[in-house]
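Colleague: Before we discuss this fold, please put the model up, and then let us go through it question by question.

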Amino acid sequence: MKNSFKKRGNNWINIKDDITKIIMLQKSKFGNNYYINYGYNINNLELDSTNMHIENRLHFDDDLQRVHIWDLLNLDNEIDDNQRIQEIELILNKYIFSEMSRINSVNDIKMFLGSSLLKRNDIPIKVKQLFSMN
């Protein structure tokens, strides 16, 4: 995986001084479909029962985009492997790497959370405490 991520199992990680960026490929329980989850861990903050301190899933509100990514991530679809790889790389670059390139520190995560559409309930208590979020 590009952008200085290293593969570890079903994850690709990029370790910075105080944060780790993570992209996780998750297999669906209901077929040969996959989900792309991504987010951040704060290196000096303990993880409880979660994979990431800040976690997102690649998704689209637009119906056409949602169906398209679903088709690409469904390995039972008869899409040429090279086409599938190229289109997934384009989507990763446009939607995930573009965000992740701007987040390189704990302070960047704090700023991201302040402007993010993440629901407050999706943020672990330890992270809320660290950033004095109510």
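Colleague: In what order do the strands of the open sheet lie, and which are the edge strands?
Modeller: In this predicted model, where local features need pLDDT of at least 70, side-chain atom pairs count only at pLDDT 80 or more, and totals for chains, interfaces and linings use all residues, the open sheet has 5 strands with antiparallel pairing. Strands (E, at least two residues) and helices (H or I, at least four) are DSSP runs numbered from the N terminus, and two strands pair if DSSP finds at least two bridges between them. The order is E1-E2-E3-E4-E5, and the edge strands, each pairing on one side only, are E1 (6-8) and E5 (54-57).

Colleague: Which helix packs on the sheet, and what angle does its direction make with that of E5?
Modeller: Residues are numbered from 1 along each chain as its sequence is written, and side-chain values use heavy atoms, with hydrogens and water left out. Helix H3 (residues 106-115) touches E3, E4 and E5, contact meaning heavy atoms within 4.5 Å. With axes fitted to C-alpha atoms, for helices over the stretch in contact, and angles running from 0 to 180 degrees between N-to-C directions, the direction of H3 makes with that of E5 an angle of about 55 degrees.

Colleague: Is Asn44 buried or exposed?
Modeller: Asn44 lies in the loop between E4 and E5. Buried means under 20% relative accessible area, exposed over 50% and partly exposed in between (1.4 Å probe, protein chains only). Because its relative accessibility is 69%, Asn44 counts as exposed.
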